[in-house]
Structures are given as structure tokens and as C-alpha cells.
Amino acid sequence: MGIARGRFVIDTHVHAQRHAAKFKARGIKPDYSRLGEEMMRSKDIVVYDNSPRLLYDMDRYGVDMCVLVSAFAMTDEINLEIVRNNPDRFIAQVGATEYMLQARRGEIEWTIEGHCAELDRLLATGMFPGGIGEGFPLNPDPKRPYVWEERFQEICQVMEVAKKHGVPATYHTGMPTGYAGSKRVMGVLGRAVTDWGNPLLCHDVAAAYPEVPIIMQHGGMQGWWSEMYMEPTFEIAAAHRNVYLECGMYWAELYEKPLTDPNIGAEKLIWGTDWGASIPVQYRPGLYPQTYFDQNRKQGLPIHQVDYFGWSLRQLDKLDIPQDDLNLILGGNAVRIFKLEDRMPHSRMFKEYAE
Ligand SMILES: [Zn+2]
């Protein structure tokens with residue numbers, strides 16, 4: 001068992017399922033421009049439970065719990081099965097993945113009302129304390145244009161469901177640059193100017209639902225060396241009490257601004273890495289940042305399990321901050337946001353002062 005960096009360590013953003021594309025067996029070359037789309041629609045790509053590797057990594061690096069997130073063709077059903085097999089180690093976030101899959105395959109017509117009804121039904125089971133994600137559901141038709149006024153109305157319907165069930169909602173920020181399914185899908189028909197492409201639009205959402213915790217997934221950094229999404233994301237976190245930043249893909253220096261901003265601080269950072277998303281770390285000796293997550297088209301798809309915990313924890317090791325602050329980032333804030341107090345062996349383990 002590895003030595004834990006904090007008292008109770010929770011990774012709030014983990015993908016415990018993996019896609020087997022079997023390109024070789026199918027005799028085809030991977031086409032990066034269509035990869036994301038193929039992963040979501042194709043019946044030839046198999047999704048499987050990858051939790052044995054995740055549990056191995058959790059034990060090596062001292063990670064107590066993970067929040068299981070779906071994406072692409074990963075399913076709520078497999079996530080629930082993983083939770084059932086290890087109820088002390090995992091909680092699940094809900095995506096209404098079966099509804100989304102049917103819509104992607106053209107079996108039903110996607111509507112925000114239909115998606116929200118399914119989220120409502122699944123959250124009523126009490127099996128998804130991880131809230132709604134990854135990000136706000138979006139019409140799977142890539143040719144569907146959006147304007148913010150309309151998109152905001154869709155998001156409000158999702159926020160109503162989160163409010164009703166007392167769970168957090170997630171707002172996705174930042175994108176890697178390599179394969180399609182990443183930044184390149186943002187460049188069509190106004191999607192780049194909706195929530196998935198612009199963190200600042202979260203002002204409208206956070207202000208309209210101050211009682212719903214909003215987690216800005218990746219906290220502005222899911223990949224690439226550019227910090228273009230960081231300050232807009234920090235502005236949202238500083239301006240709204242109910243907004244938190246996931247920070248697991250930050251290199252060490254990126255922690256400085258949010259940690260020293262009096263309206264952000266360690267209380268609003270939560271550790272979430274994207275473990276299982278298979279985005280490798282790029283290496284540029286001597287440059288800043290020297291290492292960062294991003295997809296790499298020249299390299300091709302990683303077959304190995306990219307080590308997220310190891311890199312991310314080494315970045316945190318560089319911070320000279322009080323351990324009580326680090327404990328909030330690594331688990332204390334997540335315990336409160338996801339209401340996991342009963343999972344803790346003791347109370348009063350996280351920073352708290354008499355009024
Ligand atoms: Zn993710």
C-alpha cells in the first residue's frame with residue numbers, strides 16, 4: 001500500500017471504463033479525425049470494466065475513494081456495477097448514458113426534456129451521489145448549432161434536476177488538442193461559444209442557482225500548454241460561492257493564483273485527475289511547463305494505462321502549503337460536496353474553526 005499524501009484522498013474525476021477499439025483485429029487504421037465520434041456510435045468498439053487497474057493504482061498511491069465519471073460510450077450501468085463491487089472505494093456520477101447512446105444511434109430523438117427526465121429517474125434511485133456529468137448534456141447531433149440564450153435554457157433544466165436531488169452539477173472546462181472529440185469538435189456551429197468552449201458563461205449558471213454546487217471539471221486545464229482557460233475559470237470560482245475547481249491536471253505553478261486569491265483558496269480546489277481518459281503527458285525539457293497532459297497525433301493512441309495519479313501527486317508535492325490545506329484539496333472539500341462524512345473514520349479531520 002502506498003503512502004497517502006493526505007488524511008483521506010478522493011479523486012473526483014475518474015473513468016473506470018475503457019474502450020477496446022480493436023483496430024488491428026478489424027484490419028483498420030485509426031482515424032483521429034473521427035475517433036471521438038466512432039467511440040460513441042460504433043457497435044465494434046467495446047467498453048469494459050477497467051476497475052482492477054484503477055484499484056491497483058489507488059492502492060499504490062494511497063487514494064481512498066474515486067468518483068466514477070462516464071464519457072464517450074462508458075455507461076452508468078457499468079459504473080454502478082463497479083460501485084456495487086467496491087462500495088467503500090467508489091461513488092458514481094450520472095450521465096443518463098443509455099438515453100444518450102440511443103440518441104446517438106438514431107433510435108430516439110434527443111431532447112433536453114427527455115435527457116432530464118432520465119437524469120431525474122436515475123438520481124431518484126439514490127445511487128448517484130456524484131452528481132451530474134461529465135459536463136452538461138449536449139445534443140449529440142454535431143451539426144446542431146447553438147446560441148447561448150437557448151443553451152442556457154437547456155442548462156437551467158439540468159440545474160433544476162440537480163437542485164431537486166441536492167447533488168452537484170459539473171461544468172466542463174478546457175480541452176486537449178490532439179484527436180477529434182477534443183478542441184476540434186468545438187470549432188463547428190457555435191459550440192465553441194457555449195459552455196463547453198467558454199468558462200465565463202458559467203457566471204449565468206452559478207448566479208441563477210446559488211444553492212447548487214458547481215464543479216468546474218479540470219478547472220480550466222484538461223490539456224495543452226496554454227493557460228487560455230485558466231483566468232476565466234478562476235474568475236468564476238472567485239465570484240461565486242457555489243463554484244469549485246477540479247485541479248488534478250494542474251502543473252505545480254498553476255496552483256499559485258487560485259491558492260493565493262482570497263476568494264478562492266484551498267477551500268475551493270478539489271483533486272480530480274481524469275484517470276482513465278488516456279491523455280498522455282507531453283515532455284518539453286527546459287520549457288514551461290516542462291510536462292503537461294495532451295493528446296499527440298504523431299504518437300498514436302496509448303495502449304498502456306497512462307499514470308495520472310503519479311504525475312498529479314508529484315505536482316502537489318512541490319507546494320509548500322499547510323498540510324490542513326492540502327487535506328482539503330485532496331479530500332476534505334469533496335467529503336463535504338458529495339456528503340461523504342459517514343465514510344470518514346473520524347470527524348474533525350478537516351480544517352474548521354469555532355465561530
Ligand atoms: Zn473526464
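The buried residues of helix α13 pack against β1 (10-14), β8 (243-246), β9 (269-270) and α12 (308-317). Here helices (H or I, at least four residues) and strands (E, at least two) are DSSP runs, numbered from the N terminus. Contact means that two C-beta atoms, placed from the backbone, lie within 7 Å.

This is a predicted model: local features need pLDDT of at least 70, side-chain atom pairs count only at pLDDT 80 or more, and totals for chains, interfaces and linings use all residues. Residues are numbered from 1 along each chain as its sequence is written.

**Helix α13**

How many residues of α13 are buried? The count is 11 of its 15 residues, so α13 is mostly covered; a residue is buried if 20 or more other C-beta atoms lie within 10 Å of its own, exposed if 12 or fewer, and partly exposed in between, with C-beta atoms placed from the backbone. Among them are Leu326, Ile329, Gly332 and Val335.

α13 covers residues 323-337. At 1.5 Å a residue, its 15 residues should span 21 Å, and its end C-alpha atoms are 20 Å apart, which agrees. The expected span is 1.5 Å times one less than the number of residues.

α13 also has a kink of about 60 degrees, centred on Ile329. The bend at a residue is the angle between axes fitted to the seven residues ending there and the seven starting there. After α13 comes Lys339, with a positive phi near 55 degrees.

**The open sheet**

β1 belongs to an open sheet of three strands, in the order β1-β4-β5, with parallel pairing. β1 and β5 (90-92) stand at the edges with a single partner strand each, so one side of each has no neighbour in the sheet. The twist averages 20 degrees from one strand to the next.

Two strands pair if DSSP finds at least two bridges between them. The table lists both pairings.

| Strand pair | Sense | Bridges | Residues facing |
|---|---|---|---|
| β1 and β4 | parallel | three | Asp11 and Cys66 |
| β4 and β5 | parallel | three | Val67 and Ile91 |

Which way do the residues of β4 point? Met65 and Val67 point one way, and Cys66 and Leu68 the other; all are buried. From β4 the chain crosses through helix α4 (residues 76-85) to β5, and this β-α-β crossover is right-handed. That term means that, with the strands pointing away from the viewer, the path from the first strand over the helix to the second runs clockwise.

Methods. Axes are lines fitted to C-alpha atoms, for helices over the stretch in contact, and angles run from 0 to 180 degrees between N-to-C directions.
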